[in-house]
4 protein chains.
Amino acid sequence: MGFSSMYSEFRKKVYIVIYHTNTRAGRLFDLILLGVILMCVLLVMMETVAEFDQKYHSYLITLEWIITVFFTIEYLLRILCINRPIRYIFSFYGIIDLLAILPMYLSLFITGYNILTVIRALRLLRLFKILNNPHFTNHSNKLRRALIASRGKIVVFIYFVLISTIIIGSIMYLVEGKENGFTSVPMSIYWTIVTLTTVGYGDISPQTPLGQIIASFVMIMGYGIIAVPTGIVSAEISKISYNKEMQNPCINCDNTNYPSNAKFCPQCGHSLENI
Amino acid sequence: MGFSSMYSEFRKKVYIVIYHTNTRAGRLFDLILLGVILMCVLLVMMETVAEFDQKYHSYLITLEWIITVFFTIEYLLRILCINRPIRYIFSFYGIIDLLAILPMYLSLFITGYNILTVIRALRLLRLFKILNNPHFTNHSNKLRRALIASRGKIVVFIYFVLISTIIIGSIMYLVEGKENGFTSVPMSIYWTIVTLTTVGYGDISPQTPLGQIIASFVMIMGYGIIAVPTGIVSAEISKISYNKEMQNPCINCDNTNYPSNAKFCPQCGHSLENI
Amino acid sequence: MGFSSMYSEFRKKVYIVIYHTNTRAGRLFDLILLGVILMCVLLVMMETVAEFDQKYHSYLITLEWIITVFFTIEYLLRILCINRPIRYIFSFYGIIDLLAILPMYLSLFITGYNILTVIRALRLLRLFKILNNPHFTNHSNKLRRALIASRGKIVVFIYFVLISTIIIGSIMYLVEGKENGFTSVPMSIYWTIVTLTTVGYGDISPQTPLGQIIASFVMIMGYGIIAVPTGIVSAEISKISYNKEMQNPCINCDNTNYPSNAKFCPQCGHSLENI
Amino acid sequence: MGFSSMYSEFRKKVYIVIYHTNTRAGRLFDLILLGVILMCVLLVMMETVAEFDQKYHSYLITLEWIITVFFTIEYLLRILCINRPIRYIFSFYGIIDLLAILPMYLSLFITGYNILTVIRALRLLRLFKILNNPHFTNHSNKLRRALIASRGKIVVFIYFVLISTIIIGSIMYLVEGKENGFTSVPMSIYWTIVTLTTVGYGDISPQTPLGQIIASFVMIMGYGIIAVPTGIVSAEISKISYNKEMQNPCINCDNTNYPSNAKFCPQCGHSLENI
C-alpha cells in the first residue's frame, strides 16, 4: 500500500470524524470542539478582569496558545479533507474559522495597544463556530422559520415604535428641557426607549408634573404594545406546530384527521398501514 | 403640439411618478422621498445637540433649506397633478405636507426664541409623510385589524390598570408618607405606574417594611397582568391568520367565507365541487 | 290622581332612569355618574398636592360637598325606587355607595388629623361605583371568564415564583451579606422580587462577582418565566374565542361547522334558516 | 389482640393519615403540614432581621425546636409505616425530610459562626416538602408538561441570548471602556443582561453617545425577543389544552387518543358508536 492510498485513507477518516456527526468519533469531536470554544470564550472574558489577569497572566497566554494551535490544526484538517477547499475557505464558516486563529498570530507582529485590544476581541468570533455545530442547528430550525414568517409584521412594528420614540422624545425635550437632563432630542429619544421598553435605568427621569404624566402614558403604552410582537410570534409558532402534521389521507375515505400513531382510520375503520 | 397639451402631458407624467407606485419611476420617487424624510428627521434631532450645532450650524441651515425647497416642489406638484386639489389640500396628508414646509418659511418672520423652538419642532410632523408611503401601508393592515378587533378588551384592561393604580397609589401615600418621597397621591400614582409596568426608575422607592411588602405585591401583580393584553392580541392575530386562507369564491354568489371542507356554499347553497 | 299614585309613578320613572340603561335618560344618567366619579377621584388626588391645596382649598371643599350631596341624593333615590331596599343596602354596591358619602359627613365630627386622612382616603372607594356601570360590565365578561379558567394554573405559577424568590433571596443574603445592602433575608427577597419581575429599582444591587452571576441567572430566569402566565392566559382567551361559536347543528346532517352568517349548510346544502 | 397486631393496626392507620389524601384525616394532616412549613419559613426569614431577632430571640429558638421535633416525629412515622423504608430514606423526598430536621441537631455540636449560618439556611429546604403535597402536585402537572415539551426550543433561545450577551458585552467594553463603569468584559456582560432583560438597575449606564445608541438597540432587541419564549410556551399550552379533552376509552383496546368526531378507534379499528 503506497503513500498516496494511505493519504487518501487518512483524508477519508478525518472527513468522517469532522463531518459525520452520527458516528461515535464525530460526536466526540463535536463535543470536544464545543468545550474548547466555551473555554476560550471564558478565557477572553477573564483576561479583561484586571486583578485576575495580573495573577495568572502567563497561564492565560499559554492556554491561549494551546487553543490557537488546536484551532489551527482543525482549520488545516478541514482544508485537507474537503474536496473543494477553496469553496470552504471563502465560505462564512471558513472565514470565521480563519478569524478565530489569526488574532494570536497577528499579536506577535503588532505592538500598538489599542489595535491589539480590538484584534484580541476578534477572538470572540469563535463563538460563531458553534452555529456550525449539529447539536445546535437541529433545534433552531423551527424557531427560525417562525421568526422569518413574522418578519414583515415585526419590521412594521419596530418602525412604529421608532416613530413613536422620535415624536415622544421631541415632546419630552420641549416639556422637560435641558435643566432636567433632557439635554437634546437624541438624549430624549434615548430616555424614551429606556422607558418604553420598561428598562428604566433612572439616570434621567422626568421632574415636572407634565413630564411625569407623559412618562406615565409612555409606560402604559410600552406595557401594552409589548403584546404585539408576542402575539405575532405566538401565532406563527402555533401555526407551524399545527401545520407540520400534514398526513396522508385514508385510502378509503380521504380523511386526514387522525392521531399520528393511528393504525386505523377513525372515520371509516379502514387500515392505515400502507399509506 | 400646443402648450396646453404639453402641460396636460406633463401633469399626467407627474401623476404617474407620484402616485403609481408600481412603475419604476414611481418606486424610485417613493424611495427618494423616504430617504429625504429620514435625513431631515436626523437633521432636526442633531440641531438640538449643542456641540454639534455650534460646529456645523451653517451646514445644517443650508441642508434644511434644500429639504424645504424639495418638499415645497413636491407639495406644488401634488396640487398641480391632482384633479381635485382642494380636496387634497384639506385632507390629512395635505395638511401634514403643508406643515412640513411651513416652519422654515415662518422662521424667517418670527424671532421669539420659544415660539421658534416649538415651530421648528413641527418639522418632525414630516415623519407622518411616511404613513402615506405604500412600502409601509401594505404591511401594516393585518396588525391594525388585530388591534382594532381587540380594542374593546384592551380598553377594559387599561381601565382596570388605572383603577388599580389609583387605589394602590393612595394606599402607598398613606403607608410611606411625604418623608419617603411619596409627596402626594398623584406622585404615588406615578410611582405605582413606574412599578406596575416594571420600568422601575428607582428615583422613588419604598423605605418602610410595609411599603416594601405592598411594592412586592404590586410587582408580582404587574408581572402577571402583562399576560392579559398579550393574550388578547395573540388570540386575535391567530384568528386573523387562520381566516385569511384565501379560497376560491362560490360561482353562484361570490362568497369566500366557508369552511375548508365545505361541499356547498353556506351563503346560497350552490355546490362548491368544481371551483 | 292621589299622592300615592303620583309617588308610585315617580318611583317607576326614577327606577327607569337609574336601572334601564337602554333608555335615553338611563344612558344620560350613567354618563353623568361616570363623569362625577372621575371628577371626584381627581379631586381627592389633587387635595394631597400641597401647593395646589393651599391655593384652592376652599374651592376644593365646596366642590367636594356638592359631589357628596349629589351622591347622597343618588343613594336615597336608589333606596326609594327599589322594591327590596334592605337587600340593596347590605349588598356590595350598597355598601360602596354608603362609604362614598359617609367620609364627608364623618369629617364634620372627627378632628384627629391621622384618622381624618384615612377616612378621607375612603372616598376613593367611589371608584368601585364604576364597576356597577353597564358601559364597563358589558366588556369585561370575556376577560373575567378567561382569568377564572386559568386561575388554577396561575396560582401554581405564583406559588412557584414565591418559592424561587425565598430560596434565591436566602442564597443572595449568604453571598452578598449585610455590608452590600442585603441586610436581612426579607430584604433579600424584596431585592429578588424587584429583579425577577424586571422592575429593577437599583436601590440595592449586587456588588460581589458571585452575586452578579447569580443576579444574571435570576434576570434571565425572570425574563423566561414571564412566558408562563402569558401562555396560560393566551391559550384560555383563544379557547373562549373559539368555543363561543356554539351553533345549532344542521337538521339534515348534524353539521355544526359553518360560518355564523351561513344560510345553507356547507356539508349538505340544506337551508339553515329555521334552526 | 397481641402487641404485634396492635402495632400493625397502628402502622396501617398512620399510613392512611400520611398518604391517603382523600380521607378526612389525610386532608387535615396535609393542611397542618403545609401550615407548619410556611410558619417555619417565616421563622427562618425573621431570624435574620436584626432588630426582630434581638427582641424575640428566645421565643424564636423555642418555636424552632417545637417545629424540629414535629418534623422529627413526622420523619420517624413515615419510616415506620412504609413497607420499604430504605427506599424512602434515599429517595429525593426522604433526603429533603432529613435535611429539614438535621440543622437544628447539628447546631448543638457546631459552634463556628459561618458554618452555622449556612447550616441554618439549610432549613429552608423544608420548602421542598411542599412539592410532595397533593394540593400542589395535582395542579402543576399540565404546566410541567408544557414546559418539558418546549424545553428544546427554550434551550436554543437561552443559548442565543447568551451568545448575543457575550458579543454585545464585548463591544460595549470596547466602546465605553473602564472609565464609564464597564471595567471588564464580564462586567459588561452583566450590564448587557441587566439591559436585555429590561431590569435596568442603573448602577452602570452608558455615557458616550455611541454607547447609548448601542444600548437603545439592545433594549429594543430585548423588548422584541421576549416574544420568543412567550410564543413557544403559549403554543404548547394551547396544544395541551386541546388534547386533554377527556374521552371515553375504546371498549376494545382502551385507547383514548382519537379525534372527537371519530367513528372507529384509530388504534384497533373497533367501532366507537356506543361508548
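The entries below follow that order.

I worked on a predicted model, in which local features need pLDDT of at least 70, side-chain atom pairs count only at pLDDT 80 or more, and totals for chains, interfaces and linings use all residues. Residues are numbered from 1 along each chain as its sequence is written, chains are lettered from A in the order in which they are written, and side-chain values use heavy atoms, without hydrogens and water.

**Helix α3(A).** I looked up helix α3 (residues 50-81) of chain A and found a bend of about 85 degrees at Y56(A), the bend being the angle between axes fitted to the seven residues ending there and the seven starting there. Its buried residues (under 20% relative accessible area, 1.4 Å probe, protein chains only) include D53(A), L60(A), E64(A) and Y75(A), and the buried residues of α3(A) pack against α1 (3-19), α2 (24-47), α4 (85-89) and α5 (92-106) of chain A. I also noted that F52(A), Y56(A) and Y59(A) form one aromatic cluster.

**Chains A and B.** I found that a rotation of 90 degrees with 0.0 Å of shift along its axis superposes chain A on chain B, at an RMSD of 0.1 Å. That is the relation of a four-fold axis.

**Aromatic pairs.** I counted rings of Phe, Tyr and Trp (its six-membered ring) as paired if their centres lie within 6.5 Å, with planes under 30 degrees apart stacked, over 60 edge-to-face and the rest tilted; the count comes to 28 aromatic pairs over all chains. F182(A) and W191(A) form an edge-to-face pair, 5.3 Å centre to centre with 65 degrees between the planes, and both residues are buried. The ring centres of Y75(B) and Y88(B) are 6.1 Å apart and their planes stand at 45 degrees, so I logged the pair as tilted.

Conventions
Helices (H or I, at least four residues) and strands (E, at least two) are DSSP runs, numbered from the N terminus. Buried means under 20% relative accessible area, exposed over 50%, partly exposed in between (1.4 Å probe, protein chains only). Contact means heavy atoms within 4.5 Å. Copies are superposed by least squares on the C-alpha atoms of residues with pLDDT of at least 70 in both.
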